[in-house]
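Here is a short report on one protein model. Look at the sequence and the 3D view, then read on.

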Amino acid sequence: MLDYVDLKYKPTKNDLVVQYYVEPAKGLTFEQACEQVAAESSIGTWTELSTMNKKIATKLRPSVYSINKKKRLARIAYPQELFEAGNMPQILSAIAGNIYGMKVIDNLRLTDITFPKKMVQSFKGPRYGIKGIRKMLKLPKRPLLGTIVKPKVGLDEAHHAKVAYDSWVGGLDIVKDDENLTSMSFNNFQKRIDKTLKLRDKAERETGEKKIYMPNITAETFEMLKRAKYVERHGGEYVMVDVLTAGFAGLQTVRDHVFQVLHAHRAGHGALTRNPKHGITMHVLAMISRLIGVDQLHIGTADVGKMEGSPDEVLEIEREIEEPMIKGKNHILAQDWHGVKPVFAVASGGLHPGSIPKVHARMGPDVIMQFGGGVHGHPNGTLSGARAVRQAMDAVQHKSSLTDWAQNRVELKKALIKWGEAK
Ligand code: CAP
Ligand code: MG
């Protein structure tokens, strides 16, 4: 058998380096499990092969070069020739493929990747990124404020557009579809686009502010392209894709053929990310999404809202990771990365006006905050809900407490009475 564990090996610039959390199955040593993981994810299999030759074994053999048994972490350096540049499904079929199902491991989690420069540059990366979006919205500093039309599905096209309009004139920058709203019997995609974009134009004229609509184009790949074209023809600058359910191949197609800003919803990520011992971290999914080229990505709310995800886990995506694999490699959405543009972090899920100071303090200004229930659940409806969100943001910008700011702002006052302030 080939020997993949080589603690003397030093990864080169041409290696793709992966860090795994590894729990070996009963009866196996840590090294034995790592050996099998390295083999199955590259050139090997369960037995010796008559077809293996020296050339393959020396050129393409990965090295398990670092082992931390206490933390159960192993790092494997793979020669980049094992991967097809620009092909994310192929890369994942290797480093996040069969290995999850092997009997030799009880649990396996992909926790970090370092891509060689050539591979990074084989993907397009975000078309606009944070700078491009801020320029489009003429908002150089503050967090962007958005809502998700609620109920998630159920409203017809006209009601959907009216809810969007109220949200915009109430002071929000962005309105988006929910992840499970596409083209329904009661809410047709094209009709929704027509009506909603018309009211977006009206809201822009009335407020003098740039307003954004993010329609969900998630569907079969060709259909996504058709829907994006339709949005483009009708003056829409954004589209949204559910990146995990559409799949990374679909996402690559959209990035390569669609010219709008790309908002990435991560519905379903919990199936991969939630078990701390198994799967793939959100950190890695964020890296993959950035490489392919989303402009905005849901990363969680740092424990403020309804969704699971500790502040550490969320902030390591936006800010720093505890033990970067290479020096200076942090801020997964914004780190310097061979010219790949930074991605806007999206905080969404159970947020309301009273959450704003805490989310802002934790996640900083380069964040898009979204409020679904926290706008449309306002006692006086959507318009008041949107106003309350904008007022709460104004309070933060003016360094005032929400309670003080709410004294003569009835919308915020009512929101705070209903939901309180996140502590
Ligand atoms: C928020 C949301 C988002 C999730 C996504 C929803 O609505 O639209 O999809 O929060 O979570 O449908 O729940 P609310 P994440 O504001 O009404 O909660 O960003 O963690 O992937
Ligand atoms: Mg949603």
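## Two domains

The centres of domain 1 and domain 2, taken over C-alpha atoms, lie 35 Å apart. Domain 1 covers residues 15–120 and domain 2 covers 129–419. These bounds come from an automatic or database domain assignment. To the contact, domain 1 gives 24 residues and domain 2 gives 27 residues. Contact means heavy atoms within 4.5 Å.

This is a predicted model, in which local features need pLDDT of at least 70, side-chain atom pairs count only at pLDDT 80 or more, and totals for chains, interfaces and linings use all residues. Residues are numbered from 1 along each chain as its sequence is written, chains are lettered from A and ligands numbered from 1 in the order in which they are written, and side-chain values use heavy atoms, leaving out hydrogens and water.

## The interface

The size of an interface is often given as the accessible area lost when the parts come together. Between domain 1 and domain 2 the buried area is about 2,200 Å². Carbon and sulfur atoms give 59% of that area. Buried area is the accessible area (1.4 Å probe) that two parts lose on being put together, summed over both.

Between the two domains, 13 residue pairs are in polar contact, both at pLDDT 80 or more. A polar contact is a pair of N or O atoms within 3.5 Å; within protein, one must be able to donate a hydrogen and the other to accept it, and residues adjacent in sequence count only if both atoms are side-chain atoms. On the side of domain 1 that touches domain 2, the elements giving two or more residues are β1 (15–24), α3 (88–95), β4 (105–114) and α4 (117–120). β4 gives the most, with eight residues. Helices (H or I, at least four residues) and strands (E, at least two) are DSSP runs, numbered from the N terminus.

## A bridge between domains

How many salt bridges does the rule find across the interface of domain 1 and domain 2? It finds one. A salt bridge is a side-chain nitrogen of Lys or Arg within 4 Å of a carboxyl oxygen of Asp or Glu. Here the side chains of lysine 277 and glutamate 23 meet at 3.5 Å, N to O.

Glutamate 23 sits in strand β1, and lysine 277 in the loop between α11 (270–273) and β10 (279–280), so the pair ties together parts that are 254 residues apart in sequence. Glutamate 23 is buried, at 10% relative accessible area. Lysine 277 is partly exposed, at 37%. Buried means under 20% relative accessible area, exposed over 50%, and partly exposed in between (1.4 Å probe, protein chains only).

## Bridges within helices

The whole structure holds 22 salt bridges. One of them joins lysine 162 and aspartate 166, with the closest N and O atoms 2.9 Å apart. The two residues are four apart in helix α6 (residues 157–169), so about one helical turn separates them. Lysine 162 is partly exposed at 42%, whereas aspartate 166 is buried at 15%.

Glutamate 223 and arginine 227 also form a salt bridge, at 3.0 Å, N to O. They too are four residues apart, in helix α8, about one helical turn. Glutamate 223 is partly exposed at 25%. Arginine 227 is buried at 13%.

## A buried leucine

Leucine 291 belongs to helix α12 (residues 282–292). Is leucine 291 buried or exposed? Leucine 291 is buried, with a relative accessible area of 0%. Not counting residues up to four places away in sequence, leucine 291 touches Met88, Phe115, Val120, Phe123, Lys124, Gly125 and Trp337.
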